[in-house]
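Dear colleague,

Please find below the structure that I am handing over to you, together with its sequence. My findings follow directly after it.

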Amino acid sequence: MIRPANTCDIKAVLDITKSCALHMTKNGIFQWNKHYPDKASFINDIRNDELFVYCKNEKVIACISICNEMDSAYELVDWKTINKNNLYIHRLAVHPGFQKKGVGKTLMDFAEKYAREKKIISIRLDTFSVNKRNLKFYESRGYGRLEEIYFPKQSEFPFYCYELIL
């Protein structure tokens, strides 16, 4: 079940993202660290009704932020659609114990349906260039790779921007 998150979910969401960060690090993917994702981002997402959690047997096992505002890191990207009426996916995380079971796919299906219902023209996101699994995942869903951006506090390697035109 996917539902809007509330402040009671913050601890579970942070536990999930920390578990994901450790799992990725063990696999040589230094995508998330002590700087990101952070509690303040999730609190802001909840305040803006943009954080959703996936629950199994009433336990939060995954999350996704579906945001309305473009982050400043995206301002110079040459997107395929105009910068109006777009959604931005951030902080998609599935606890490692539940990965490879379709949870990420279900969350993206939810986000894409949500966007279509709101008559959004495109969904935008970024993912770490070293995370080959994520690259394949988004490309298999029809997201087109655009430009590279950098988050110096996260990695020396680029993140690729993607866009799905609806």
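The secondary structure of the chain consists of four helices and seven strands, where helices (H or I, at least four residues) and strands (E, at least two) are DSSP runs numbered from the N terminus. Read from the N terminus, the order of these elements is β-α-α-β-β-β-α-β-α-β-β. The radius of gyration, taken over C-alpha atoms, is 15 Å, close to the 15 Å that the globule rule gives for 166 residues, so the chain is as compact as a globular protein of that length; the rule is 2.2 Å times the number of residues to the power 0.38. The C-alpha trace spans about 40 × 35 × 30 Å along its principal axes.

Please note that this is a predicted model, in which local features need pLDDT of at least 70, side-chain atom pairs count only at pLDDT 80 or more, and totals for chains, interfaces and linings use all residues. Residues are numbered from 1 along each chain as its sequence is written, and side-chain values use heavy atoms, with hydrogens and water left out.

Of the 166 residues, 48% count as buried (under 20% relative accessible area, with exposed being over 50% and partly exposed in between; 1.4 Å probe, protein chains only). The chain exposes about 9,200 Å², of which carbon and sulfur atoms supply 52%; the areas come from the Shrake-Rupley method with a 1.4 Å probe, and for residues only the protein chains shown count as cover. Among contacts (heavy atoms within 4.5 Å) with a separation of 6 or more, 69% are made by residues 24 or more positions apart.

On the cysteines, a search of the whole structure finds zero disulfides, a disulfide being a pair of cysteine sulfur atoms within 2.5 Å. Cys55 is in no disulfide, and the nearest cysteine sulfur, that of Cys63, is 11 Å away. For Cys67, the closest cysteine sulfur is in Cys63, at 11 Å, which is too far for a bond. Cys55 counts as buried because its relative accessibility is 8%, and Cys67 counts as buried at 6%.

His90 counts as buried because its relative accessibility is 6%. Leaving aside residues up to four places away in sequence, His90 touches Tyr36, Ile64, Ser65, Cys67, Asp71, Tyr74 and Asp126.
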